[in-house]
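Please open the model in your viewer with the sequence panel beside it, and follow the selections below in the order in which they are given.

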Amino acid sequence: MNALLILHRHNHNEWARLLAATAKLNQGFDVIVCGLDADRLPIQPLHGEVLLLPVAAEAGPEVLSELLLPYCQKRSHIVAGTDHWGRDLMPRLAAQLDLPMISEVTAIAGPQQWSRPSWAGAIEQSIVGDGSSVLFTVRPQGFSPVSGDIAKDYQRLSVAELTPLVERTIEPSQSMRPQLTEAKTVIAVGRGACTEQLWPLVEALADKLEAAIGGTRPVIDSGWLPSELQVGQTGQLIAPERYIGLGISGATQHMAGIKQAKTVIAVNQDADAPLMQLADYALTGELDKVLPELLASI
Ligand SMILES: Cc1cc2nc3c(=O)[nH]c(=O)nc-3n(C[C@H](O)[C@H](O)[C@H](O)COP(=O)(O)OP(=O)(O)OC[C@H]3O[C@@H](n4cnc5c(N)ncnc54)[C@H](O)[C@@H]3O)c2cc1C
């Protein structure tokens, strides 16, 4: 067993950069690849073990952390990427292991020296560890990719034996909606659109327009949408043909994610909301009146 453990979600194309980042630690590592097609990922484990955990990427962090916990014991470093998967999983693991965690590492100077951005990237924070075990997520964009061979020896973990919890989550999501970052039309929902009454109308509009649905951070924080559908500075950057913002004020952190949108349409009861000011088409009105009219007109 190696002291360094990399946790990786299959299908996440940042593997080669994650490998480059952890190479700075200059030690062999074990890797656990999570995903139903985990064995198709090119992996060069140096002298370590590769364990494949055939669980759908959609398996929630609660389930995954429980599955992974036994493999995280007695490690000096546990590393994952800074995507939504890593962001959700690693703090839970850190809490369960009672170990410190560092997020969004952009440089590694040694086994106990990390850099990360702080204050929305305005300053770089240097962290020096005290020698204890640590979990961290890396921003792979900061590291040049390293190529790796297909691992010859790997062990496929049997999730069924690990816990019956997985049975609930093993099926990938059946959503027919386009991917948020690839959709031609994105409907973004803000706090003003998230009520029991409005939500079916939002979904009906998305169905009619074959649109992806994304949301602002408060919408994600309050559980209306999963975290990978957050749009903005700390979420996804999107570039659709049409962005339709419903009940969104237009905070700078949200606007940072829609700069590349070609046409911006906004609906808000407040004509002075920043998004309304910036939109190509701004509809002033209450969503419970505007949405039925919109649906009827399409
Ligand atoms: C470090 C940091 C990072 C952040 N990152 C992000 C990020 O990545 N993405 C992000 O989105 N936010 C992010 N935020 C949060 C951001 O600052 C805003 O708080 C958030 O975007 C506001 O979301 P909102 O527009 O849904 O809510 P609000 O600002 O509350 O706006 C709700 C709007 O809905 C309208 N409304 C209410 N009811 C109705 C109705 N019935 N009909 C029509 N309109 C209605 C209101 O007039 C209002 O304009 C971040 C914040 C920080 C500090």
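Throughout this tour, buried means under 20% relative accessible area and exposed over 50%, with partly exposed in between, as computed with a 1.4 Å probe on protein chains only. This is a predicted model, in which local features need pLDDT of at least 70 and side-chain atom pairs count only at pLDDT 80 or more, while totals for chains, interfaces and linings use all residues. Residues are numbered from 1 along each chain as its sequence is written, and side-chain values use heavy atoms, with hydrogens and water left out.

Strand 9 is largely enclosed by the rest of the structure, because 5 of its 5 residues are buried. In a regular strand the side chains alternate between the two faces of the sheet. Here both faces are covered, with Val134, Phe136 and Val138 buried on one side and Leu135 and Thr137 buried on the other.

Strand 4 (77-81) runs parallel to strand 9 and is joined to it by 5 bridges, and glycine 81 stands opposite valine 138 of strand 9. Strand 5 (residues 101-105) also runs parallel to strand 9, with 3 bridges between them, and isoleucine 102 is found opposite phenylalanine 136.

Which residue lies in the loop between strand 4 and helix 3 (84-97)? Select threonine 82, whose place is in that loop, and which is buried because its relative accessible area is 13%. Its side chain makes a polar contact (a pair of N or O atoms within 3.5 Å, where within protein one must be able to donate a hydrogen and the other to accept it, and residues adjacent in sequence count only if both atoms are side-chain atoms) with the side chain of threonine 137, at 3.4 Å. A polar atom of the threonine 82 side chain also lies 3.4 Å from the backbone nitrogen of arginine 139.

Glutamate 104, in strand 5, has a positive phi of about 55° although it is not a glycine, and at 19% relative accessibility it counts as buried. Lysine 74, in the loop between helix 2 (61-68) and strand 4, is likewise not a glycine but has a positive phi of about 60°; this lysine 74 is exposed, with a relative accessible area of 76%.

Technical notes. Helix = DSSP H or I, 4+ residues; strand = E, 2+ residues; numbered from the N terminus. Pairing = 2+ DSSP bridges.
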